[in-house]
Amino acid sequence: MIRLIVQRLLLLIPLLLGLSVLLFAWVRALPGGPATALLGERATPEAIARINTLYGFDQPLYIQYFKYLTRLLQGDFGVSTRTARPVLDEFITRFPATIELTVVALIIAIGIGIPLGYVAARRAGSIIDHSSVVVSLIGVTVPVFFLAFILKYVFAVELGWFPSTGRQDPTINATHPTNFYVLDGILTGEWDAAWDALMHLVLPGIALGTIPLAIVARMTRAAVSEVQNADYVRTARAKGIKPARLRGDHILKNSMLPVLTTIGLQVGLLLSGAVLTETVFAFAGIGSFLAEAVFNADYPVMQGFVLLIAVVYALVNLFVDVSYGLIDPRLRRQQ
Amino acid sequence: MSDTPEKTPATLPGSIADDRADDRADDVVLRVEDLCVDFRTENGAARAVSNASLTVRRGQTVAIVGESGSGKTTLAMAVLGLLASNGSVAEGHIWFKDEDLGRVSTQRMAHLRGTELGLVPQDPMTNLNPIMRIGQQIDEGLIDNGLRSRRDARTRTVELLDEVGLPDAGRRASQYPHEFSGGMRQRALIAMGLSARPALLVADEPTSALDVTVQRGILDQLAGLTEDLGTAVLLITHDLGLAAERADTVVVMYQGEIVEQGPARRVLTAPQHDYTKRLMAAAPSLASRRIEIARERGLDDVLDDALLAPGEDGAADGTAAADFLVSVKDVSKVFSIRGSGLLSRSRDFTAVDGVSLDIPRGSTVAVVGESGSGKSTLARMILDIEKPTTGTITFDGVLVGAGGHRDQIAYRRRVQPVFQDPYSSLDPLYSVFRAIEEPLRAHNYGDAAARRARVEELAEQVALSKGQLRRFPAELSGGQRQRVAIARALALSPELVVCDEAVSALDVVVQAQILQLLAGLQEELGLTYLFITHDLAVVRQIADRVLVMQEGRVVEEGTVDEVFDSPATDYTRALLDAIPGKDLELAL
């Protein structure tokens, strides 16, 4: 297990190096060079020359890359051209919002998807099974931004059950020691602030969780359909064990491996920032910030965020791989 | 239950009325009466078992014998209430003591399964939950049925594992199934089946997935335990020899019906029904000689002379190469196994250790041994799938694996495999025609019309009808699939066919048909066979010469008669002794 973790962490090094080369080359390859990218297309030649000297864009590429890499290793991801704050600070401030949203989306996807898939498989051909297929299809086919708009229009604008935008009502004067707003409210005892932050998470959470829900339900259904007919399940029934134990220890647990893989991939995607959902709900996570960076040609933010998201994605997948071993002893030995 | 059960060779007369008359009420554990089991299918109900009646008494072993699809497993599963969800008892009764198992509630049935009825399932590799510790899988039954408290369950589990002869049971109980060998798993499954001390144990092909020597040990253990505990056993098997050896009463099933039943000896020595007679005739056993057709080739004398060469430094003899299609000289194969720790080194594992063998053209050489003896690795090296670590293999005088890619492709034409499992070695999405045609396409054989003609010719050779060419593997029986695999292997007119356990997965009747087919094809096409098998009875039917392998080495070799009639090593004797049905031959 430790061997696996060490191996995978070591593999991160070439991965990130390769990515840094790509990101470096990408900005250098922009039309007009990086200075134009920073100043805009109408910049004067003098201004461009000044920036080139200031940032060392006139030096040979390998020296530029080496300096870029050295700064990265020191945790310096550059400064946002739009907010003038360090990219890393921007990331750290906004990442908790994305994590909160991801957690809510996952709770919805797993909490509904697994039971739905399980029941569908156990009662194959029933109404529940057929409706789960329909729900899954809708979940996968409806575009996220469309769903997000519908949810916002119906439940926020028309019915007013949930707030429509943001992470918290601006009139609430809450303190934020961790930037996880729900957690902050609980830690500081500001219950109304925690509740308000939670309410702000519901609609974006549903919008974001629908696709993973559909996928998790389908995977669970497929896995349970197979496992419930396995020889060892019949043998377990032959032992006359309690139905709850049969369902839990024998059927569900054995079905969870493929489902776990799916969830892992989804978590990675969710944490990479839900650009559309965060934008529709004006939710200040990394996704909406990255979108704004793209609109404003904020290259340092794009470069830095892509690299940081890659690290997060890799770590999440490592965590998923390690958790296989917790479920399946056969993999533990291979790991 | 007070009187000790005497092993009555219980007579099972045809009519149930008679049966009732001589019942001692408390002695009958299970009575199946006119049982019919239906499966719901898209084409309406399909009857899998019809009008089956049988009785099992305390301490008695009743064997149900039949080929796959005969309904024997369905009957057993109906008794346990474990029919697949589309199956149900349509008519008749399953009396267990005084309850009709076809009528009791689901909860009651579950409780009975946990206490009074036991199951030892067929395949030890798939019948244990892979992600749960062995001990826990036995504990849970004890706990859920109130036989032991949560605290005491493990102690009892270790006792049970110890009882079935699992060494170091205490430590083993906390291991997972993948850490157990097949034989150990089967022991664990027996411990599980007997954990509640059931009155009736259903043993569904309990050892057919195991090596013969392991098989014997496990059957002895099972027989000893059930005798000590007075457990009634319903033994499901396709192996007549095993039934003869282990059962008091034999029930023969064919196409869902019981065609014959009676005391084991009587059924096997004086079979009444045609099917039983066919089953008897097909059963491979030590008594069965090589298939006559192979004998008639008249090659034997020539072969016997040629075969004196190997072992007596025939390597120096340049002419030897011409007589032998394949010549294996001092071949070893070493695999390195990755270590498990962070810094541990890889270990070497010698699968094949200095093996030499020669296969004369047009003959059949068999390599026998248990799993892990290196016989399959040897076959893979001869097929040029694995490269030997040391030593050489020559085919028709040319070194195997020495040439380039082109030579390798040419070699593949001349040497073809037939693998063990006809279920997994055929692509389920290929029609039979396409499966047989594929090698022809791969080796650019003629145009579409020529290929079609060749496929039809091959189909005829292996006795497949033209209509079957359009079918898919799922629509064929195991024997038919193996015919397809043989036709595919023969498509390119190879000289050597390597049969890796090619008939092991088949029922005896089908097995005999396939062996006949192979012998006939050898006659017709002058083929050379290398047979890899663990089944000595098959060897006697088909082979000219036999090599016995153990732990990567050849421990004995000779003609079939030499090896079978006067085995030179203890290992070979153990293998021969382990074949079920030796008693059967004495009886015949």
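Two strands are said to pair if DSSP finds at least two bridges between them, and helices (H or I, at least four residues) and strands (E, at least two) are DSSP runs numbered from the N terminus. In those terms, four strands of chain B form an open sheet in the order 2-1-4-5, with antiparallel pairing. The edge strands of this sheet are strand 2 (44–57) and strand 5 (99–100) of chain B, each of which pairs on one side only. Strand 1 (residues 28–41) of chain B is joined to strand 2 of chain B by ten bridges, the two running antiparallel, and B:Asp38 has B:Arg47 in strand 2 of chain B as its bridge partner.

This is a predicted model, in which local features need pLDDT of at least 70 and side-chain atom pairs count only at pLDDT 80 or more, while totals for chains, interfaces and linings use all residues. Residues are numbered from 1 along each chain as its sequence is written, and chains are lettered from A and ligands numbered from 1 in the order in which they are written.

**The two chains**

The table sets out the residues, buried share and secondary structure of each chain, where a residue is buried if 20 or more other C-beta atoms lie within 10 Å of its own, exposed if 12 or fewer, and partly exposed in between, with C-beta atoms placed from the backbone.

| Chain | Residues and buried share | Secondary structure |
|---|---|---|
| Chain A | 335 residues, 36% buried | 15 helices, zero strands |
| Chain B | 588 residues, 47% buried | 24 helices, 20 strands |

Along its principal axes, the C-alpha trace of chain A spans about 85 × 55 × 40 Å. Chain A averages a pLDDT of 83, with 98% of the residues scoring at least 70; pLDDT is the predictor's confidence in each residue, from 0 to 100. Within chain A, confidence is lowest in helix 15 (residues 329–334), at a mean of 68, and highest in helix 10 (residues 231–238), at 90. Where pLDDT is low, the predicted coordinates should not be read in detail.

In helix 1 (residues 2–28) of chain A lies A:Leu17, which is exposed, with 12 other C-beta atoms within 10 Å. The C-alpha atoms of A:Leu17 and A:Val6, eleven residues apart along the chain, are separated by 17 Å.

**Strand 9 of chain B**

Strand 9 (residues 249–254) of chain B is largely enclosed by the rest of the structure, because six of its six residues are buried. B:Thr249, B:Val251 and B:Met253 point one way from strand 9 of chain B, whereas B:Val250, B:Val252 and B:Tyr254 point the other way, and all are buried.

Strand 3 (residues 61–65) of chain B runs parallel to strand 9 of chain B and is joined to it by four bridges, with B:Val251 as the bridge partner of B:Ile64. With strand 10 (residues 257–263) of chain B, strand 9 of chain B pairs in the antiparallel sense over six bridges, and here B:Met253 stands opposite B:Ile258. The hairpin of these two strands has two residues between them, and in it B:Gln255 takes a positive phi near 50°.

**The contact between the chains**

Two residues are in contact if their C-beta atoms, placed from the backbone, lie within 7 Å. The contact between the chains takes 26 residues from chain B and 24 residues from chain A. On the side of chain B that touches chain A, helix 3 (106–115) and helix 4 (134–144) of chain B each supply at least two residues, and the largest share, five residues, comes from helix 3 of chain B.
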